Amino acid sequence: MTAIRLLPPALINQIAAGEVIERPSSVVKELVENSLDAGARRIEVDIEAGGARLIRVRDDGGGIPVDELPLAVASHATSKIGSFDDLEHVASMGFRGEALASVSSVSRFALTSRASGEDAAFRIEVDGGKLQAARPAQHPQGTSVEIRDLFYNVPARRKFMRAERTEFAHIDDLLKSLALARDGVEFRLSHNGKPVRIWKAASDERAALQRVAEVLGEEFPAQSLRIDHAAAGLHLSGWVGLPTASRAQADSQYFYVNGRLVRDRIVAHAVRQAYADVLFHGRHAAFVLYLQLDPAGVDVNVHPAKHEVRFREQRLVHDFLFRTLHEALAQTRAGLGTLPAA
Ligand code: ADP
Ligand code: MG
């Protein structure tokens with residue numbers, strides 16, 4: 001045993017990275033969420049070797065002023081909250097001020113940005129936690145973040161990365177879930193120089209449903225019901241699949257709370273109950289649902305990766321979801337006898 005001492009900052013960041021940066025897709029999630037928070041209308045994600053060699057996210061958002069660049073990669077530094085009260089009402093995807101500090105401590109990292117209203121862009125680089133001074137660079141308004149050689153200095157993590165194809169599949173799934181979260185934003189995804197996805201910004205409901213079809217299958221729109229219902233400060237919208245759209249796997253279930261994809265026990269239970277008497281045993285519903293509520297009514301500071309939320313009024317949310325979906329699906333229940341079994 002040695003004496004108690006404070007850990008060096010680079011090591012603190014590497015430990016923090018362990019919490020949120022599980023694999024390349026976790027990095028993509030953090031970067032794209034930053035782009036969304038910056039108000040980007042267009043986000044481009046370029047991947048090489050499943051993200052092990054390169055992850056690059058480019059956006060046309062508000063950018064970062066040159067004097068704030070070092071802070072962007074400092075830990076516990078954020079422009080999104082400034083007080084406990086802000087934390088209770090947080091509407092942005094990020095607020096922990098940890099992602100860039102974490103990622104840059106376990107990769108070769110570069111960030112180039114031109115802030116809105118500025119006519120020059122600047123680039124900073126961080127190599128294994130060591131920050132280089134900002135240099136002038138070429139960039140339109142917005143930000144590009146480049147992560148090379150993820151986990152190059154964390155052999156244990158590097159070893160856990162799966163085949164290129166598997167890691168890319170995780171990134172592709174993640175992009176789908178983000179594309180469904182923000183249909184007004186254009187997303188592009190490429191792998192090893194080849195374009196894989198292009199989702200153009202959807203300007204109306206028909207275009208939004210087209211994006212849903214690209215993710216859930218071309219047959220989904222014809223096999224789903226539109227949901228749009230508000231009560232008691234809660235608003236639920238989206239599409240629920242009819243029994244004919246059900247799947248053998250629960251892999252087509254997208255539930256967003258204030259634009260954030262969540263896995264929540266209360267939500268899952270309400271949805272399952274609503275479907276209980278229209279789905280055959282062993283089948284899983286397909287749906288894309290958006291719940292909007294006052295940010296003060298939901299705590300997003302539950303898990304570092306923010307997959308989980310906690311509703312202040314769990315009962316109210318549960319009953320609202322159950323009733324809304326149950327009523328919508330009632331039409332199906334009435335006609336269930338006419339649907340082919342299996
Ligand atoms: P958080 O998102 O929790 O604030 P991050 O470490 O992800 O923490 O980012 C730190 C800060 O860097 C953000 O608060 C934001 O001000 C800035 N930033 C990061 N990415 C971008 C981006 N793509 N565009 C504009 N600003 C960004
Ligand atoms: Mg962030």
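Predicted model: local features only at pLDDT ≥ 70, side-chain atom pairs only at ≥ 80, totals over all residues.
Residues are numbered from 1 along each chain as its sequence is written, and chains are lettered from A and ligands numbered from 1 in the order in which they are written. Local features need pLDDT of at least 70 and side-chain atom pairs count only at pLDDT 80 or more, while totals for chains, interfaces and linings use all residues.

The chain is assigned domain 1 (9-199) and domain 2 (218-334), with bounds from an automatic or database domain assignment. Their centres, taken over C-alpha atoms, are 29 Å apart. In domain 1, 13 residues are in contact with 13 residues of domain 2 (C-beta atoms, placed from the backbone, within 7 Å). On the domain 1 side, α7 gives the most, with three residues; helices here are DSSP runs of H or I, at least four residues, numbered from the N terminus.

Helix α7 (residues 164-181) also pairs with helix α8 (residues 205-216): their axes come within 10 Å and cross at roughly 160°. Axes are lines fitted to C-alpha atoms over the stretch in contact, with angles from 0 to 180 degrees between N-to-C directions. The two helices are therefore roughly antiparallel (angles over 145 degrees). Lys176, Ala179 and Leu180 of α7 meet Arg211, Val212 and Val215 of α8.

Around ligand 1 there are 22 residues, of which Asn34, Ala38, Thr78, Gly94 and Ala99 come nearest (near: C-beta atom, placed from the backbone, within 6 Å). Helices α2 (24-37) and α5 (99-105) each supply at least two residues of this shell.

Note on methods
Parallel < 35°, antiparallel > 145°, perpendicular 65-115°, else oblique. Contact = placed C-beta atoms within 7 Å.
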